[in-house]
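Morning, everyone. Have a look at the model first.

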Amino acid sequence: MSKHSALNTFGRSGNPAFTRNFENTEAFSQSERMTLDGAVNKTAILLTLCFAGAFAGWNVPALAMPGLIIGTILAFVTIFRSPAKAGSTAPFYAAFQGMALGGITVFAEMQYPGIGIQAIGLTFGILASLLFCYKSGIIKPTENFRLMVFSATMGIAILYLVSFIMSFFGSGIGFIHSNGLFGIAFSVFVVGIASLNLVLDFDFIEDGAEKGLPQYMEWYGAFSLMVTLVWLYIEILRLLMKLRSR
Amino acid sequence: MNAIFFGVLTILSLFIFMNLGKIKASKKQMNRDDRINWGGKRRPNFQQNRARSKIIEGSAEEVDDDTQK
C-alpha cells in the first residue's frame with residue numbers, strides 16, 4: 001500500500017473537473033458509449049453555434065457583455081454541477097460566448113482592421129497542428145505534463161483575478177496589459193499554455209473513447225475543447241493587438 | 001490578401017480537425033505506461049511492479065538429486 005493514499009484515490013490533481021470517477025462503464029451498451037466521431041461532430045455543432053453567436057455579437061456589439069456573463073456562468077455550471085448535463089448547457093455556452101467574441105472582435109477591428117480573421121486563422125491553425133502532433137505521438141501528455149499545464153493555468157487565472165480586483169481600486173498589474181517587451185512575452189507565454197491545454201483536451205477525449213465512457217461525455221469533451229478555443233482566441237487577439245499597437 | 005490567407009488557413013485547419021479528429025491516435029501515443037489517468041484510479045505501473053516482484057528472470061533449470069549432491 002502506498003504511503004500516498006490520496007494520490008491513489010484522486011490522482012495528481014485536486015481539480016474536481018479532473019477527479020470524477022468516469023470509469024464505471026459496464027452499465028452502458030455499445031451504442032451509448034463515447035466515440036471519437038461523436039466528440040468531433042459535437043465540437044463542430046458547438047463551433048457552428050459559436051459562429052452564429054459571433055455573427056449576432058458582431059452586428060449588435062451590446063450583446064458582448066451579457067453574452068460573456070451568461071457564458072461564464074454556464075461554463076461554471078457545466079464544470080462544477082454535472083458533466084452529464086453538458087448536452088443541454090454546452091450549446092448555450094457556445095452561443096453566448098460567440099456573442100461575446102463577436103462584440104470583442106468588433107472593437108478590435110475598429111482599432112486594427114483585419115485583426116479578427118488573423119486571430120481566427122491562428123487559433124484554428126494551432127488547433128490543427130497540435131491535433132496532428134498529438135495523434136502522431138510527437139507530443140506525449142503525461143501526469144507531469146498535466147501537472148505543469150494545470151499549475152501554469154491556475155497561476156494565470158489567479159494573476160488575472162488579482163488584476164481584475166485591483167482594477168476596482170484604480171490600480172492593476174501593469175505588465176499584463178502593456179505592449180512592451182515584457183507584456184508581449186507574457187502574452188506569448190499565455191498563448192503557449194492555452195495551446196497546451198488543447199493537448200490535454202485531445203487526450204481526455206481519446207482516453208474517454210478508448211474506455212467507452214457514457215455518451216454524454218462526448219458533449220463534455222467538446223465543451224472542454226470549446227472553453228480552451230475561446231480562451232486561446234482571446235489571448236491571440238490580445239497578443240496581436242499588442243504587436244500592432246507598437 | 002490578409003483575409004484570403006487567414007481565411008484559407010481557417011478552412012484548411014477545420015477540415016484537418018474534422019478528419020484527423022475521428023482517427024484513433026497512433027500506437028506510439030496510446031501504448032505508453034506514463035499516460036494520464038483521467039478516471040482518478042491509478043493504472044497499474046508494470047515497470048514498477050516488475051521491479052518489486054520476486055520473480056527471478058532467466059532460463060529454467062531442472063534440479064535432480066544427483067546435481068544437488
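Start with the length of α9(A). This is a predicted model, and α9(A) has 31 residues. At 1.5 Å a residue, those residues should span 45 Å, and the end C-alpha atoms are 45 Å apart, so expectation and model agree. In numbering, α9 of chain A runs over residues 181-211. What happens to phi just after α9(A)? G212(A) takes a positive value there, about 70 degrees.

Now the partner. Helix α6 of chain A covers residues 115-136. The axes of α6 and α9 in chain A come within 10 Å. They cross at roughly 50 degrees. The crossing of α6(A) and α9(A) is right-handed.

Which residues meet there? From α6(A), we have I126(A), L127(A), L130(A), L131(A) and Y134(A). From α9(A), the residues they meet are S195(A), L198(A), V199(A) and F202(A). Sort that contact by class: eight nonpolar residues, one polar, no charged.

Step back to the whole chain. How many helices and strands does chain A have? The count is 10 helices and zero strands. Read along the sequence, then, the pattern is α repeated from end to end.

Two last numbers. Chain A has 246 residues, and 39% of them count as buried. Then take the contacts in chain A with a separation of 6 or more. Residues 24 or more positions apart account for 80% of those.

That's my part. Over to you.

Conventions
Residues numbered from 1 in each chain as written. Chains lettered and ligands numbered in written order. Predicted model: local features only at pLDDT ≥ 70, side-chain atom pairs only at ≥ 80, totals over all residues. Axes fitted to C-alpha atoms, helices over the stretch in contact; angles between N-to-C directions. Helix = DSSP H or I, 4+ residues; strand = E, 2+ residues; numbered from the N terminus. Left-handed = near helix turned anticlockwise from the far one by under 90°. Contact = placed C-beta atoms within 7 Å. Nonpolar A, V, L, I, M, F, W, Y, C, P; charged D, E, K, R; others polar. Expected span 1.5 Å × (residues − 1). Buried ≥ 20, exposed ≤ 12 C-beta atoms within 10 Å, placed from the backbone.
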